Amino acid sequence: MKDMAVTSDLLVDISQLQTRYARCIDADRIEEWPDFFTEDGFYSVTTAENRRAGLEAGLIWLDGIGMIRDRVTALRDANIYERHSYRHVLGQPYVLGESDGGDIEVETSFFVVRITRDGETDVFASGCYHDALRRVDGDLKLSKRIAVCDSSHIDTLLGLPL
Amino acid sequence: MKDMAVTSDLLVDISQLQTRYARCIDADRIEEWPDFFTEDGFYSVTTAENRRAGLEAGLIWLDGIGMIRDRVTALRDANIYERHSYRHVLGQPYVLGESDGGDIEVETSFFVVRITRDGETDVFASGCYHDALRRVDGDLKLSKRIAVCDSSHIDTLLGLPL
Amino acid sequence: MKDMAVTSDLLVDISQLQTRYARCIDADRIEEWPDFFTEDGFYSVTTAENRRAGLEAGLIWLDGIGMIRDRVTALRDANIYERHSYRHVLGQPYVLGESDGGDIEVETSFFVVRITRDGETDVFASGCYHDALRRVDGDLKLSKRIAVCDSSHIDTLLGLPL
């Protein structure tokens, strides 16, 4: 990993991408979710405990845009997503540096509340995104997003992308 | 709505305005709250469910600075505001573009926790601000703020501006 | 206090410092925590109620880098920190101005969730950082951080820096 200059313009680009991503999920437009990834994009959800233990597997593991698109179909078919609504709040992105492949490595705290049908609001998940970002035709995209959840008791159905 | 360039300076201006607004509410200085609006400012609180259903009414509907000022008097007279304290946490502002009238249209996730007198902290409200911003004598002001709450079971007393 | 120009570069510097600080705590690397302070750094935790009442004392009061380092040893010895994990989410920094001594005075809302061993996530603390920042050999450091908690019923053990 190489150091890189963190300009305010770069941070704006990153945080606008991450905000658009969160808006897409919170507005239940998950059909648009694959568009945030590169063709070889990788998406995974794991827990801090698993990560510390060196377990790579994760709860969800999607390698390539095809698997990411399939996930959307599966979620819609399962129909489990519609029962609640969600709200993401993100911290400031923290730029770690540039990977050997030229991607920008970024970590960002997240926090998701769930609003159930009966109106109750609770903390659904918290954690940290481990992202790799790459510019494709001028637009910043995710070549990798690993959502590392703080709790090891994540709802196994996990009916939404984090 | 026209696209507009999102510079880091513009985002700083917007987020500093939104942060000042949140500070004003959280510090219980609601007498200063009307100053964040233009003379023809509009403020409303509604729910995501109502908005999806095309219901314009909202739980709270204040059209013009006069009604906004009256609201402050009503809240102080009702005396319901003092029982709890609140803390806003905001996401990054997302700039949609420029309206026909030249206002900047922005959406921003929010999240409010309530701290009751006995010290308990819970999630009070989450949602999205739909703002229109306009520069008046150099300062950015709200010509519109619609606070769209995720939950449909918002405390009907709602003793604070969101 | 003097007014100062809030450039996007300054805000980036401040928020990257605050984000690094939060990452350090959330990743349980509290041995690095003293490095965020100047040699004469001051760290305190208090409540909004105490502060309104003019009580200076606070729940925690560390004056100088020596006391701050001792705190880390005490926390590790007490061994109470490891039972839970924590996640900070910060609002945008709000720059108040420049102090007589040339430090940058900043206030920032914070919000901490606690994830217990059995996987439950709840709101642990919310409040506002009252920071003074100073550049030392090019790097921004805290010459003062007063964490003012909204709730008066803060866990007295308080096994982590806020």
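The questions and answers below concern the chains of a predicted model and the way its copies meet.

User: Which order do the elements of chain A follow from the N terminus on?

Analyst: In this predicted model, the secondary structure of chain A consists of three helices and seven strands. Read from the N terminus on, these elements follow the order α-β-α-β-α-β-β-β-β-β.

User: What is the radius of gyration of chain A, and how does it stand against the globule rule?

Analyst: The C-alpha atoms of chain A, taken along the principal axes, fill a box of roughly 45 × 35 × 30 Å. For 162 residues the globule rule gives 15 Å, and the computed value is close to that, so chain A is as compact as a globular protein of that length, with a radius of gyration of 15 Å.

User: What share of the residues in chain A is buried?

Analyst: Among the contacts in chain A between residues at least 6 apart in sequence, 59% join residues at least 24 apart. As for burial, which here requires 20 or more other C-beta atoms within 10 Å of a residue's own, the share among the 162 residues of chain A is 43%.

User: Which kind of axis relates chain A and chain C?

Analyst: Chain A can be laid on chain C with an RMSD of 0.0 Å, by a turn of 120 degrees and a shift of 0.0 Å along the axis. The two copies are thus related as by a three-fold rotation axis.

User: Which residue of chain B comes closest to the rotation axis?

Analyst: Chain B is superposed on chain C by a rotation of 120 degrees with 0.0 Å of shift along its axis, at an RMSD of 0.0 Å. Judged by C-alpha position, the residue of chain B that comes closest to this axis, at 3.6 Å, is Ser8(B).

User: Which elements give two or more residues to the side of chain A that touches chain C?

Analyst: In this interface, 16 residues of chain A are in contact with 20 residues of chain C. By class, the chain A side has seven nonpolar, eight polar and one charged residues. The elements that supply two or more residues to that side are α1 (8–26), β5 (104–116) and β6 (121–136) of chain A.

User: Which element gives the most to the side of chain B that touches chain C?

Analyst: Here 20 residues of chain B are in contact with 16 residues of chain C, and two or more residues each come from α1 (8–26), β3 (84–90), β5 (104–116) and β6 (121–136) of chain B. The chain B side has, by class, seven nonpolar, eight polar and five charged residues. The element that gives the most, with nine residues, is α1(B).

User: How far apart are the end C-alpha atoms of α1(B)?

Analyst: Several residues of α1(B) are buried, including Leu11(B), Ile14(B), Tyr21(B) and Ile25(B), and just after this helix Asp28(B) takes a positive phi of about 60 degrees. At 1.5 Å a residue, the 19 residues of α1(B) should span 27 Å, which agrees with the separation of the end C-alpha atoms, 26 Å.

Technical notes: Residues numbered from 1 in each chain as written. Chains lettered and ligands numbered in written order. Predicted model: local features only at pLDDT ≥ 70, side-chain atom pairs only at ≥ 80, totals over all residues. Contact = placed C-beta atoms within 7 Å. Helix = DSSP H or I, 4+ residues; strand = E, 2+ residues; numbered from the N terminus. Nonpolar A, V, L, I, M, F, W, Y, C, P; charged D, E, K, R; others polar. Least-squares fit on C-alpha atoms with pLDDT ≥ 70 in both. Rg over C-alpha atoms; globule rule 2.2 N^0.38 Å. Buried ≥ 20, exposed ≤ 12 C-beta atoms within 10 Å, placed from the backbone. Expected span 1.5 Å × (residues − 1).
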